[in-house]
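I opened the notebook to record what I looked up in this model, going chain by chain and then across the contacts between them.

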Amino acid sequence: MAESTSLPFVPSRGGAVALRWLLFAVLALFALFYLMPLFVMITTSLKSLDEIRTGSLVALPESVTFEAWTTAWSSACSGIQCEGLRPYFWNSVALTVPAVALSTLLGAVNGYIIAQWRFRGANLIFSLMLFGCFIPFQVVLLPMARTLGFIGVAGTIPGLILVHVIYGIGFTTLFFRNYYVTIPVELVKAAKVDGAGFFRIFWSIFMPLSLPILMVTVIWQFTQIWNDFLFGVSFSQAGTQPVTVALNNIVNSTTGVKEYNVNMAAAIIAAFPTLFVYAVAGKYFIRGLTAGSVKG
Amino acid sequence: MADWLERNVPRILLAPSFLIVLIFVYGFIAWTAWVSMTRSRLLPKYEIEGFIQYERLFAAPRWDTAMNNLFIFGALFIVVSMMLGLLLAILLDQKIRIEGALRTIYLYPMALSMIVTGTAWQWVMNPGLGIEAVVRGWGFENFAFDWVIDPDMAIFAIVIAAVWQASGFVMALFLAGLRSVDDEIIKAAKVDGIPTWRIYSAIVIPSMAPVFLSAFIVLAHLAIKSFDLVIALTGGGPGYATDLPATYMYAMAFSRGDIGQAASSAMVMMAVVFAIVVPYLYSELRVKRG
Amino acid sequence: MKGIKFAAAAAVILASPSLAFAEPQAEVLHWWTSGGEAKSVAVLQKEFTDNGGTWTDMPVAGGGGDAAMTALRARVLSGNAPTAVQLKGPAIQEWYEEGALADISAVAEAEGWADVLPASIAEHMQCEDSWCAAPVNVHRVDWIWANADVLKAHDISMPSTWQEFNAAAEKLQAAGIVPLAHGGQAWQDATVFEAVALGILGADGFRKAFVELDEDTLTSDAMVAVFDQMRTLRGYVDRNFSGRDWNLATAMVMNGEAAFQVMGDWAKGEFLAAGKTPGVDFLCASTPGDGFLYNVDSFAMFDVDGEDRQAGQALLARLIVGKNFQKVFNLNKGSIPARTDVSLDEFDSCAHLSADDMATSSQNGSLLPSYAHGMALRGAQAGAITDVVTAHFNSDMSSADAVEMLATAVANSL
C-alpha cells in the first residue's frame, strides 16, 4: 500500500526497532485522545438513566442495556411525535445526496477551468469565491429566507438543496482547483493538439485522476451538509426537517428531564452515515493514489 | 459561432457559479451593511440611521471579550491543528499496518455533531466528573485540570475540543498531499544521501503549498464560524468568557431581537476576515501565477 | 388507486368553498420537545384532533426557544408563517408591531378570558385593543427547593430572609454540604439574581428596576446590596458549577449533596420524575421576600391565509384556555393554570402554594413578570442586564462596578 511514496525514517537496524515502537506509542496516545469523548458517549448510551443519575458520568456501565438505542431510533419524542430519529433520516438523505453531488460537480468544473483554462480575471473570480467561504451563515439567514420565499421553495427539500449548493461551491472549487493546479498545463496543451475539446479533456484526462480529491470533497461536503443545523432549522417546515433538527429536539429541552443515555445514542445514530462515508472514503483515498500514474 | 463557443466554454460554464457567489455572498454582505446602519430589531428595516449600531457595538464589553477570544482562539486553533495534522500525516505515512483504522479514529470527530459531543466534552473536562476526578482517583491528589470552569482559561478548553474535531481532517488533507509528491525527486534525494528530515523540510513540505492553502482556508473558516462548539461546550460561559463573534451575533439577531446590532457585528467580523485572508490569498495566488 | 385519491381530493377542493365550516388546520411551532413537555403538548393535539382539526407539529428545541425564534423569523420573511407559535412576554407585542399577528378577540370575548385570567397576565395577551395570544400556564420563577432530610439533620428551616439563608448556608458549609446547587449558565445566574432582587428591592423596587428600567433604582444602594448578596451566594456554590445544566443541580439537591436550589417550578418535574414526594423528600417555598415572579407560556396566532387555518387558530385558542387543557397540561408540566377558576384538587402542595400566592400577589400588586425568562423586557434589554449579572457572578467584579456597568448596559440597549 502506497509503498512507493512513503518516506520511512530508517537510520540503523536497532534504532529502527526502537523508533518504530516510539512511533506506535505516539500514534496510540493520539488515538486515545481522539477516542475519549466517543468512549464517554458509548458508555453513557449503554447505561440506564438511574445509573447516570447516581453514578460517575465517565465510568463503565454496571449493567449494559440497549434500551436507549432503540428509543433513540424509533420512539424518542421530538415534539408530539414519538418516532425517534427514523422519519427524519430520509429527509437528510434526500437533501444531502443531491446537494453533495451537485456542489461537487460544480466545484470540479470550476476548479478545472480556473486551474487549467486560465483566462483573464479567473484568479480574481477564484479569490471572490474563496472569500465567500468565510461569510458567517447567520448573516445570510434572513435575506436567504426572503429569496427562498420569492422563488417559492421555502420550507422544501429543493430549497435546502439550493442553499447548500450555493454555500458549498466555494469550498468544492477550492479543493479541485488546488488539486488540478498541480497537474502540468502541458497535458492540456498536448491534448488540444490531438484535437480534444474542453469536455473531452475534462472527462477522459482529469476525471480519472480525480478520485483522491473527489473523496476529500465528498467527505467535506457530506459532513458539512449532513451535520448542518442552522440552515436545516431555518429553511425547513414540518415534514422536511433534517435529522440534526430532530436530534436537537431530542437532546435540547429546557425544562424537561434530560435522558442522557438516549441523547448520546441518538447522536451516534445521527452520525452513522458520516462515519460510514469516512470509513469507506478513507479506503478510496489510498486506492485512488495507488492506482498508478496519478502524478502526471 | 461554433468556434466562439468552443473558445468561451470555460467562461460560460464558470459564469453561473460566479453569478451565484456575486448575489448570495456579496449581495447579502451589501444587504447586511445596509441593515447595520438601521435600527432594525425583530425584523430587518431599511431606514438608514447612521452609525449608531457600531457605537453600541464598540461600547459593549461583551463584544470586546468576543473579539479577543476570536484572536486567541483562531490563532491557536489554526496553528495547533495544522501542526498536529501535519505531524499525524507524516507519522501515518511510515508504512503503518493499521493505518486505515488509525486514520478513521483521527478523522471521526468531524463526523459527529457538536450538539452532543459538546456534552461529552463538558463531562470530560469538568473537574468533578472527568479527567481531573479520574486522575485524582488514581492517587494524584494535586492534579488539576479545571480550564473549563476558569474564566481566564476556558477559551483554551474550547481550543482543545476544536482541535480534536478538526485536526483529523487536516491530517487527511496533508496525507493526500504527501502522497502526491513526486517520487522521483525523493528517490533522487535519497540516492544523494540527504537525511530524511531534510527531504521533508526542503522538498516535501514546500511542494505542498496548495495543501497548506486548503488547510488554512478550512481552519480559518471553522474558526470564524465556531458556534455549535461554544454553545455546546460552555454556552459562552463562565459568564461570557468564551463568547465569540459568531455567538454574539447569533444572540443579538435571534434571541435578543436586535438585528441592527447583529448586522454591525457581522460587518466587523467580515472586516477582520478580509484583513487576514486577503493578504494571504494574494501572496498564495501570486506565487502560483509565476 | 391514484384516480380515486385524485377524485376525492378534487371533490374536497370543489366542495370546500360551499361548506359552512372549513376543517381546522394548524401548523404549530413550539419548543416543548422532550418527555413531560412533549406529553403536555400531545394533550392539546389530541383535543384539537377530537374537535375535527388537523395538527401539524413543528417542534424546534434549544436555548429556551432561541432556535425556534430563528426558524420563526425565516418562516415569516419567506412568507410562510406557521399558524400558531409558542411566544411569550413582550415578544408578542413586538411581533404585533411588525404586523405579523392575527386578531383572536372574537374567541377571547366569547370565552370571557378577561374574567378568568389575572389582570397582569391578561395584559400580556393583548396587543393594543385586541387579544393576540392565548396563555397556557403560569410558572413561578422565585422558588427555593430544598432537601428535607438535609435540612432536618442540620436543624434548619426554610429561610424567610436572605440573612437567614446566609446563616443556614454557613452552617451547611461547615458541615461539608454544598449550600446552594447552581448551574453557571447565564439564564440560571439571572434566575437567582432576580429572586434575590425581588427579596431585597421589594415588589415596587423590582418593578421600577426591571420593568420600567428606572435609572435611579438601577443605580441605588439597594441594587448594590443585591449584587453583594450575589457575591455571597457565589461563595455557597461548589467549585464545578460552571456550565452545569439546571437538572444536574436539582439532582445534587435530590441526593443530598447540596441543600438548596433556586429555580422555577419546572424543577419540580425533575423531583417527581425521580419518585420524590413534595413535603416529604423535598421542600418548596418562595424565595425570601414578598411577591410572585411569573413566567407565562403562551401561543400567538400568526396572520395566515385560508379559512381552514383561521378556523384552526380559533379552535386552538379556545382549547388552550379551556379548563380541561389548563388542568391536564399543568399537571404534567409542574406549573399552575393561567385561568383562576380551574379546580386544583389533583395538584400537589407546591402547586397549591403557588396558586394561593398568585391570588394574593395579584391583589396587592406584587404579581410581577420575570425578567430572566423574557416576560418583563424586550430581548435586547433583558440580555444586556443578564450580561452584567453573569459577568459579575463569574468574576471578582465589585458590586459598585457591576451597578455602574448595569446602568451603562441598559442605556446602551435602548
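The entries below follow the order in which I looked things up.

**Ground rules.** I am working with a predicted model, in which local features need pLDDT of at least 70, side-chain atom pairs count only at pLDDT 80 or more, and totals for chains, interfaces and linings use all residues. Residues are numbered from 1 along each chain as its sequence is written, while chains are lettered from A and ligands numbered from 1 in the order in which they are written.

**Chain A, overall.** I began with the secondary structure, where helices (H or I, at least four residues) and strands (E, at least two) are DSSP runs numbered from the N terminus. Chain A has 13 helices and 0 strands, and from the N terminus on its elements read α-α-α-α-α-α-α-α-α-α-α-α-α. For burial I used the C-beta count: a residue is buried if 20 or more other C-beta atoms, placed from the backbone, lie within 10 Å of its own, exposed if 12 or fewer, and partly exposed in between. By that count, 52% of the 296 residues in chain A are buried. Two residues are in contact if their C-beta atoms, placed from the backbone, lie within 7 Å; among contacts in chain A between residues at least 6 apart in sequence, 76% join residues at least 24 apart.

**Chain A, domains.** Chain A is divided into domain 1 (10-65) and domain 2 (87-290), with bounds that come from an automatic or database domain assignment. I noted that the C-alpha centres of domain 1 and domain 2 of chain A lie 32 Å apart, and that the contact takes 6 residues from domain 1 of chain A and 7 residues from domain 2 of chain A. On the domain 1 side, α1 and α2 (49-54) of chain A each supply at least two residues, and α1(A) gives the largest share, 3 residues.

**Chain B, overall.** Chain B likewise has 13 helices and 0 strands, and its C-alpha atoms fill a box of roughly 80 × 70 × 25 Å, taken along the principal axes. Of its 290 residues, 54% count as buried. Residues 24 or more positions apart account for 67% of the contacts in chain B with a separation of 6 or more.

**Where A meets B.** How many residues of chain A are in contact with chain B? I found 79 residues of chain A in contact with 80 residues of chain B. The elements that give two or more residues to the chain A side include α1 (13-45), α4 (86-116) and α7 (157-180) of chain A, and the largest share, 13 residues, comes from α13(A). By class this side has 57 nonpolar, 19 polar and 3 charged residues, where Ala, Val, Leu, Ile, Met, Phe, Trp, Tyr, Cys and Pro count as nonpolar, Asp, Glu, Lys and Arg as charged, and the others, Gly among them, as polar.

**The nonpolar core.** Of its 331 residues, A266(A), I158(B) and A300(C) touch the most other members, and the largest share, 19 residues, comes from helix α7 (residues 154-179) of chain B. Leaving aside its neighbours within four places in sequence, I158(B) is in contact with F73(B), L229(B), V230(B), L233(B), T234(B) and T242(B).

**Chain C, strand β1.** Strand β1 (residues 25-30) of chain C has 6 of its 6 residues buried. Both faces of β1(C) are covered, with Q25(C), E27(C) and L29(C) on one side and A26(C), V28(C) and H30(C) on the other. In a regular strand the side chains alternate between the two faces of the sheet. Two strands pair if DSSP finds at least two bridges between them; β1(C) runs parallel to strand β2 (residues 54-59) of chain C, joined by 6 bridges, and pairs in the parallel sense with strand β3 (residues 84-86) of chain C over 2 bridges. L29(C) has M58(C) as its bridge partner in β2(C) and stands opposite V85(C) in β3(C).

**Chain C, the open sheet.** Which 4 strands form an open sheet? The order is β9-β10-β8-β11 (chain C), and the pairing is mixed. Because β9 (178-181) and β11 (282-286) of chain C each have a single partner strand, one side of each is left without a neighbour in the sheet. Within the sheet, strand β8 (residues 143-147) of chain C runs antiparallel to strand β10 (residues 258-262) of chain C, joined by 3 bridges, and A146(C) stands opposite F260(C) in β10(C).

Technical notes:
Core = buried A, V, L, I, M, F, W, Y, C linked by C-beta atoms within 7 Å.
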